[in-house]
Amino acid sequence: MDIQTNYRPTKAVIDLQAIEHNVASLRQHLQQGVQIIAVVKANAYGHGDVEVAKAAIKAGATMLAVATPDEAVHMRAHFPKTDMLILGATPPNFIPYAAKENITLTVFSTDWLERAAAYLPQSQPVRLHIKIDSGMGRIGVNSREELIPLYESIIASPHFILDGIFTHFATADEEDSLYFDNQVSLFKELLMALPSKPRLVHVANTATALVKDTSLQYDAVRFGISMYGLLPSSYIGEILPFPIQPAFSLQTELVHVKQLKAGQSLGYGATFTAEEDIYVGTIPIGYADGMIRKLSGQEVLVGGERTKIIGRICMDQSMILLPKAYNVGEPVVLIGHQGQERITLDDWANKLGTINYEVPCVITARVPRVYK
Ligand SMILES: *Cc1c(COP(=O)(O)O)cnc(C)c1O
């Protein structure tokens, strides 16, 4: 017997055409010859990395960026030839795999190169990108005194190829550009200090690629959040050069419908009490799916109408107020559109006091990602 999965109706439905549209639109917007690095770290911001990467490549991305060596191993199995960069710190014991599978690593200290001596590749050399910390304060070299010895050690080694150099901006999505401009200046100063430029210079995240000076596109841009149809900030939304389409939706179905009489309560703590006779629907999604308890009271869509989650969210189930006695099996949209109504990841982010980036990342692996 075939083993079926996804019996539960709760699903994240990912619109791959939206991903393709967003990448293709960016491509139109970029200067000639600028490559698109599709940032698919963290399971493509919770959207499903393999399918998102396929869509991005189809629409013109030429390189993938992940955060960790394990993500690179996972993606290499599906994309044996595609250029791939690990954005974060990689332990030197990953070097033999990186050499064999042609994974590009980020480096930012001579100490790393010294530790690398114990793991030098036997076969082909490993491609490296130097990370400049121009003001993010995360990883990277932030002075000529650190950069030049690192550069020279890489150039001197037959085991490494200096293939790129990059930095990351802390405030590219904000209207005030003072901090951004200072980061750009420091990056340019350090780039000029190098005897020769590596093949790939890249500084632009989504916000920079969309709204900043086109000279900052350099050789490639790292396209993350707006590939998923989400805005890096509301300020960017005001000056976006092309429309983007959100790809993520979260759907389920009613699994139980009942009437609650005026005065009756529901949920842990019995925090919700009906003021009049109402219909209540149970949906099979809870905080173990990433719909955390702080989302109690959040609006959902049923029958094309807005209604809301009532009572406390349980681990695996939640209750919603129903405008009428719907049947079991009635579709419920938690994120996405139904009829004329739409609930966005930004709505959830506002309710949670966070940013849209975080919301799909924390929808757990129990929720299957399905594609349309
Ligand atoms: C995550 C990440 C990006 C993508 O940023 P977006 O704002 O999503 O475009 C780009 N570069 C680095 C180094 C990152 O860590």
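Me: Which residue in β7 does leucine 128 stand opposite?
Reply: Leucine 128 faces leucine 162 of β7. This is a predicted model: local features need pLDDT of at least 70 and side-chain atom pairs count only at pLDDT 80 or more, while totals for chains, interfaces and linings use all residues. Residues are numbered from 1 along each chain as its sequence is written, and side-chain values use heavy atoms, with hydrogens and water left out.

Me: How many bridges join β6 to β7?
Reply: Seven bridges link β6 to strand β7 (residues 160-167), and the two run parallel. Strands are DSSP E runs of at least two residues, helices are H or I runs of at least four, and both are numbered from the N terminus. Strands pair if DSSP finds at least two bridges between them.

Me: And what about β5, how does that pair with β6?
Reply: Strand β5 (residues 105-107) pairs with β6 in the parallel sense, over three bridges. Valine 107 has isoleucine 130 in β6 as its bridge partner. Between β5 and β6 the chain passes through helix α6 (residues 110-116), a right-handed β-α-β crossover. Right-handed here means clockwise from first strand over helix to second, with the strands pointing away from the viewer.

Me: Which helix sits in the unit with β6 and β7?
Reply: Helix α7 (residues 144-156), and that β-α-β unit is right-handed too.

Me: Why is β6 called largely enclosed?
Reply: Because seven of the seven residues of β6 (residues 126-132) are buried. Buried means under 20% relative accessible area, exposed over 50%, partly exposed in between (1.4 Å probe, protein chains only).

Me: Which residues cover each side?
Reply: Val126, Leu128, Ile130 and Ile132 are on one side, and Arg127, His129 and Lys131 are on the other; all are buried. In a regular strand, side chains alternate between the two faces of the sheet.

Me: Which polar atoms come up?
Reply: A ligand oxygen is 2.4 Å from a side-chain N or O atom of threonine 206. A ligand nitrogen is 2.7 Å from a side-chain N or O atom of arginine 222. A ligand oxygen is also 3.2 Å from a polar backbone atom of glycine 224. The protein covers 93% of the 390 Å² of accessible area that the ligand has on its own (Shrake-Rupley method, 1.4 Å probe).

Key
Polar contact = N/O pair within 3.5 Å; in protein donor to acceptor, adjacent residues only side chain to side chain.
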